[in-house]
Amino acid sequence: MSVGVATAQESQGNEGTRTDQPAIQVDDLWKRFLIRHNSSYSLKIKFLGLFQKRYREKQEEFWALKGVNLHVRAGEAVALVGPNGAGKSTLLYLLARTLRPDRGLIKIRGRVAPIAGIGLGFHHELTGKENIYLNASLFGWSRSDVRAIYDQIVDFAELGHFIDMPVKNYSTGMVARLGFSVSVHLEADILLLDEVFSVGDARFQKKCMEKMIGFRKKGKTLILVSHAKEGANLLCDRACLLWKGTIVSDGGVKEVLKDYKRMTEQKEAIGGQRSAISDSGSA
Amino acid sequence: MKPDAAQAVPIYEIRAGDRGLDLARNLYSTLRYWPLVQNLVAKQLKLKYRGSALGFLWSLLNPLSMVLVYTIVFSYVMRFPVENYALFLVAGVIHWEFFSTATSSATRAIIEDRELIRKVDFPKIILPASLVVFELIQLILAFVAFMLIYLVLGGSFWWGQLLYPVALLLQFAFVVGIAALISAATVFLRDLQHLVQIVLRLMFWLTPIIYPLSSVPPKTIPYFQLNPMTSYVVIYRAMLYDHAWPQAHWWALAIGFAAVSLGAGVVLFSYLSPRFAEEV
């Protein structure tokens, strides 16, 4: 089967199979987003902008990641924790290679599964079955490759005969289950999980957890973004706290979660003081 | 899929500033995604014909209605002095439709698949390319239907028609290039969706489809030659209607336009595609 598809360079020989090499190596990674005020894809506005200042696009830089360093050994499970906007998802998209870095280097050894989470790119008019084949081929799989694991995907997603119905008729839970099932069955070496503990009901979440513990036993590398602390605790042996675009704490899950709690409390305390001051000022 | 010793672990190295211009490597990895092309083409066929009673016939009815209207207007009302006008028209119209439908749907090729582009890394040029393959299949089906009534319309067979696949291949390369160019540019300039419609309409009347090139003032012919579609239409019509060997300079133009369009399309697409995930 020819499934190992790499768009970047692919190494032959033994170098890649050595397990002491990190599966993920991120060195001084910076990612910038341009926040566009007055942004327009319209030709008219772009043209007017040449003459009138108020139509001109103003760009504000937002550095979502500022010098992130992260080395993950093969077989490690790392939880990325941190408040909203800290850069967790940005880092995940960079590892999935859909976003490009502005500075720094990412080196990945092994195939990376599509980001599992709510709503993989499904076409709503196509049936679940057709979507499975389409999604797997995005990952470079041929029809015969998919056929071999098709039943497992459907069973895991618990879709039964609904699989031949267009996805537009699915419930949110069904779509999420199918998306999760497809991305975990693609047998990648590295799995990226974005808030997967919000997929489906409690029972399905338990099943997901078992599946992921199974992955760990198989020696796969897991990167997990989660707000659910129990998930990180159960599954991961390491956590990284992202705070305003940098990793401020890296180590055992318990210690990092403690740091996270402490920093959140500090921030709230400062925020509380400020509001107290402004309250007294207005009084 | 079983990880065995023979299968090397892929290594990806992503550095800031990579522009994905390594065309040889991209071509290789793109070819390995052939199943994706198959699935995307199948998807479009299913989406287009699912739930419609007439299915593929709808694709024929569009050019057919066009041929009917123009035949009535130009052959009976305006009395255009062209023999076998319906045949003359069909030879141009079906190939124009291939270009025009592919070009106008290319404006949506990237911006409509936002979710896929954000979640998975794959050679994105497959999106416009598979769309052109889909339109090519439509053209081939239309061509087969055309051949079934070819003799009724007064056509006859000629050995020069054996070169039809070559002309088709050249036009295919040309259309792939245009589709890549437009699909990528539309991500950054959404107005193109509307602009393309207008340009296509103008181009239709500036291409000798409903009139022969011989009816335009000889002085203006060099300007007509600037229009890529002129060369393809002239070649198709020479084969299918005039039964004459298309002149060498038309072939040169057809090859030239195909090469320039494909080259420019692929280069611009590779240059812009790393930014798609942020812009769609």
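Is B:Val77 buried or exposed? In this predicted model, B:Val77 is exposed, at a relative accessible area of 58%. The legends below begin with that residue and its surroundings.

**Figure 1. A nonpolar surface patch on chain B includes B:Val77.** The patch covers about 700 Å². Its members are B:Leu68, B:Val69, B:Ile72, B:Val73, B:Tyr76, B:Val77 and B:Met78. B:Val77 belongs to helix α3 of chain B, which spans residues 57-77.

**Figure 2. Chain B comprises twelve helices and one strand.** Read from the N terminus, the order of elements is β-α-α-α-α-α-α-α-α-α-α-α-α. The radius of gyration of chain B is 21 Å, close to the 19 Å given by the globule rule for 280 residues, so chain B is as compact as a globular protein of that length. The C-alpha trace of chain B spans about 70 × 45 × 40 Å along its principal axes. Of the 280 residues in chain B, 52% are buried.

**Figure 3. Strand β4 of chain A pairs with strand β1 of chain B.** The two strands run antiparallel and are joined by five bridges. β4(A) covers residues 103-109, and β1(B) covers residues 11-15. Within the pairing, A:Ile106 stands opposite B:Ile14. Five of the seven residues of β4(A) are buried, so this strand is largely enclosed by the rest of the structure.

**Figure 4. B:Asp121 forms salt bridges with A:Arg97 and A:Arg100.** Side chains of opposite charge can pair when their charged atoms come close. For B:Asp121 and A:Arg97, the closest N and O atoms are 2.5 Å apart. B:Asp121 lies in the loop between α5 (114-119) and α6 (126-148) of chain B, and A:Arg97 in the loop between α2 (88-95) and β4 of chain A, so this pair joins two chains. B:Asp121 is buried at 11% relative accessibility, and A:Arg97 is buried at 8%. The salt bridge between B:Asp121 and A:Arg100 has an N to O distance of 3.6 Å. A:Arg100 also lies in the loop between α2 and β4 of chain A, so this pair too joins two chains. A:Arg100 is partly exposed, with a relative accessible area of 25%. Over all chains, the count of salt bridges is 20.

**Figure 5. A salt bridge connects A:Arg216 and A:Asp237.** The closest N and O atoms are 3.0 Å apart. The pair links distant parts of the chain, with A:Arg216 in helix α6 (residues 202-217) and A:Asp237 in the loop between α7 (229-235) and β7, 21 residues apart. Both residues are partly exposed: A:Arg216 at 21% relative accessibility and A:Asp237 at 42%.

**Figure 6. Strands β7 and β8 of chain A form a hairpin.** Five bridges join β7(A), residues 238-243, to β8(A), residues 246-251, and the strands run antiparallel. Two residues lie between the strands, and A:Lys244 in the turn has a positive phi of about 50 degrees. A:Cys240 stands opposite A:Asp250 in β8(A). A:Asp250 is also part of a network of salt bridges with A:Arg73, A:Glu76 and A:Arg238.

Figure 7. A:Cys208 is in no disulfide, its nearest cysteine sulfur being that of A:Cys236, 14 Å away. A:Cys208 is buried at 1% relative accessibility. For A:Cys236, the closest cysteine sulfur is in A:Cys240 at 9.9 Å, which is too far for a bond because a disulfide requires sulfur atoms within 2.5 Å. A:Cys236 is buried, with a relative accessible area of 8%.

Terms used: Residues are numbered from 1 along each chain as its sequence is written. Chains are lettered from A and ligands numbered from 1 in the order in which they are written. This is a predicted model: local features need pLDDT of at least 70, side-chain atom pairs count only at pLDDT 80 or more; totals for chains, interfaces and linings use all residues. Side-chain values use heavy atoms; hydrogens and water are left out. Patches are made of residues with over 30% relative accessible area and no salt bridge: like charges are joined within 9 Å, nonpolar side chains (Val, Leu, Ile, Met, Phe, Trp, Tyr) within 5 Å. Accessible areas come from the Shrake-Rupley method with a 1.4 Å probe; for residues, only the protein chains shown count as cover. A salt bridge is a side-chain nitrogen of Lys or Arg within 4 Å of a carboxyl oxygen of Asp or Glu. Helices (H or I, at least four residues) and strands (E, at least two) are DSSP runs, numbered from the N terminus. Buried means under 20% relative accessible area, exposed over 50%, partly exposed in between (1.4 Å probe, protein chains only). Two strands pair if DSSP finds at least two bridges between them. The radius of gyration is taken over C-alpha atoms; the globule rule is 2.2 Å times the number of residues to the power 0.38.
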